[in-house]
Amino acid sequence: MRLSIISVLFLATCTALAAPIDSIKGRQEDIAPGLVLRNGVTYTRNALGLTARSDVYDDYRLERRVNAAKKQANKDARKDRKTAAKAEVQKSKQKAITQANKSVDKATAKTPAHIASAERAGQSAAATKKADMKAASQAKHEQLKAAGKEYKKTADLPARTAQFTVPAGGGKPERTYTGKDVRKANFGSHIKNNSGDRFGKQFNNNPHAVPGPDGSTRPIPGMTGPGHEHPLSPATTFSQMKKDHKAEPARIISQTNNHKGVIAHDQSRTAGHPGENDHFLVHPSRAFLEEFFSEVVY
Ligand SMILES: *[C@@H]1O[C@H](CO)[C@@H](O)[C@H](O)[C@H]1NC(C)=O
Ligand SMILES: *[C@@H]1O[C@H](CO)[C@@H](O)[C@H](O)[C@H]1NC(C)=O
C-alpha cells in the first residue's frame, strides 16, 4: 500500500477511536466522585484505588472495581438482611417462651416438662415467623417484578443523564434530579401494596392558583385527562415514599404507560402563599443533542 493511503487510513482509525474514548472519560467522571451503592455506602475514587491518571486502562480498572464494589455491597446488604431476619425470628421465639413462662407459677416454670413445652411453643412461633417473613419477601419480590414490567413499557422517559433543577427558595436548598432519578421514581410508582394500590394520587392538572413567571396556566400545558402523581423519589416502600413526598419539592406525572413530565413546587412560595400548592413543569437543563448522544453511548 502506498504511504499516503496508509496515512489516511491511520488518521481515520484514530478519529473513530477518539470518540468512544472521550465518552468513556465522561462516564468515568460521572461514576467516580462518590458512587452511592445499594446499601448507601459511598465509594470515592480513592476508596476504589484509582489514581488521578485518566486513560483507557484506568477506565477498564474503574469498571472492574466498580463492579467488584457493587458485588461486595450487595453481598454485605444480603448478609445484613439475613442477620436482621434471624434476630426477628429469635425475638418471636423468646416472646413465646416468656409467654409460656408467665402462664405458670415459678415452681412449675422450672419443671423439665414445662421447659420442654415452652421450648416447643418457642420453636413453633419461630417457624410461623419465618414462614410469614418468607411469604412477605416473596410478595415484595413479585410486586417489584410487576412494577419492573410496567416501567419497561413506559414511553417518553428522559435520558438518564438529563438534569432537572428546582431552584432554592423559602430557605430550602436547590435540588437537582437526573433522568435516572426520574426513571427510578417511575419504577417505584408502579409498585402495588398488598391491597393492589399504587402510592401517590390522581393528578388533575388543575389550573395554577397563582400563575408562574413562565406564563403557564397549568402544571403540564397540553395534557388532557387525569394522570398519576408520584414523588420524585427512589423509594420502593410506601413509608419511604411518604417521607420523600413531604421532603422533596418534585413529582413525576404519568398517564397509563407514558411519562408526562417532572413538576415541582416553587420553593419560594412558603406556607400561606395563595399559590403554595401550585406545581410547575421542570424542563431538563441539558441540551437535546447532548442527551441524545449520551443516551446512544450509555
Ligand atoms: C423460661 O423459664 C425457664 C425455666 O425457668 C428459664 O430457663 C428460661 O430462661 C425462661 N425463658 C424466658 C424467655 O423467660
Ligand atoms: C395500600 O395503599 C393504600 C394507599 O396508600 C392504603 O390506603 C392501603 O391501606 C394500603 N394497604 C395495605 C395493605 O398496605
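Reply: Happy to. Let's begin with Y151: its relative accessibility is 19%, so Y151 counts as buried (buried means under 20% relative accessible area, exposed over 50%, partly exposed in between, with a 1.4 Å probe and protein chains only). This is a predicted model, where local features need pLDDT of at least 70, side-chain atom pairs count only at pLDDT 80 or more, and totals for chains, interfaces and linings use all residues. Residues are numbered from 1 along each chain as its sequence is written, chains are lettered from A and ligands numbered from 1 in the order in which they are written, and side-chain values use heavy atoms, with hydrogens and water left out.

Me: Good. How many aromatic pairs does the count come to?

Reply: Two aromatic pairs. Rings of Phe, Tyr and Trp (its six-membered ring) pair if their centres lie within 6.5 Å; planes under 30 degrees apart count as stacked, over 60 as edge-to-face and the rest as tilted. For Y151 and F187 the ring centres are 6.4 Å apart and the planes stand at 90°, so this pair is edge-to-face.

Me: Switching to ligands. Which residues surround ligand 2?

Reply: N193, S195, D197 and F238; a residue is near a molecule or strand if one of its heavy atoms lies within 4 Å of it. The protein covers 42% of the 360 Å² of accessible area that ligand 2 has on its own (areas come from the Shrake-Rupley method with a 1.4 Å probe; for residues, only the protein chains shown count as cover).

Me: What polar side-chain atoms lie by ligand 2, and how far off?

Reply: One belongs to N193, 2.2 Å from an oxygen atom of ligand 2. Another belongs to S195, 2.6 Å from a nitrogen atom of ligand 2. A polar contact is a pair of N or O atoms within 3.5 Å; within protein, one must be able to donate a hydrogen and the other to accept it, and residues adjacent in sequence count only if both atoms are side-chain atoms.

Me: Then what is around ligand 1?

Reply: Q94, I97, T98, N101, A109, K110 and I115. Taken alone, ligand 1 exposes 360 Å², and the protein buries 54% of that. Helix α2 (residues 56-102) gives the largest share of this shell, four residues.

Me: New topic: where is N205?

Reply: In the loop between β5 and β6 (227-231). N205 is buried, with a relative accessible area of 2%. A polar atom of the N205 side chain lies 2.8 Å from the backbone nitrogen of I220, and one lies 3.4 Å from the backbone oxygen of M223.

Me: And Q267, what does its side chain reach?

Reply: The backbone oxygen of P167, at 3.0 Å. Q267 is in the loop between β8 (258-265) and β9 (279-281) and counts as buried at 10% relative accessibility. Leaving aside neighbours within four places in sequence, Q267 has contacts that include V166, P173 and P249 (contact means heavy atoms within 4.5 Å).

Me: Tell me about V166, then. Which strand is its place in?

Reply: Strand β3 (residues 163-166). V166 is buried, with a relative accessible area of 3%. The C-alpha atoms of V166 and Q267 are separated by 8.0 Å, though the two are 101 residues apart along the chain.

Notes. Helix = DSSP H or I, 4+ residues; strand = E, 2+ residues; numbered from the N terminus.
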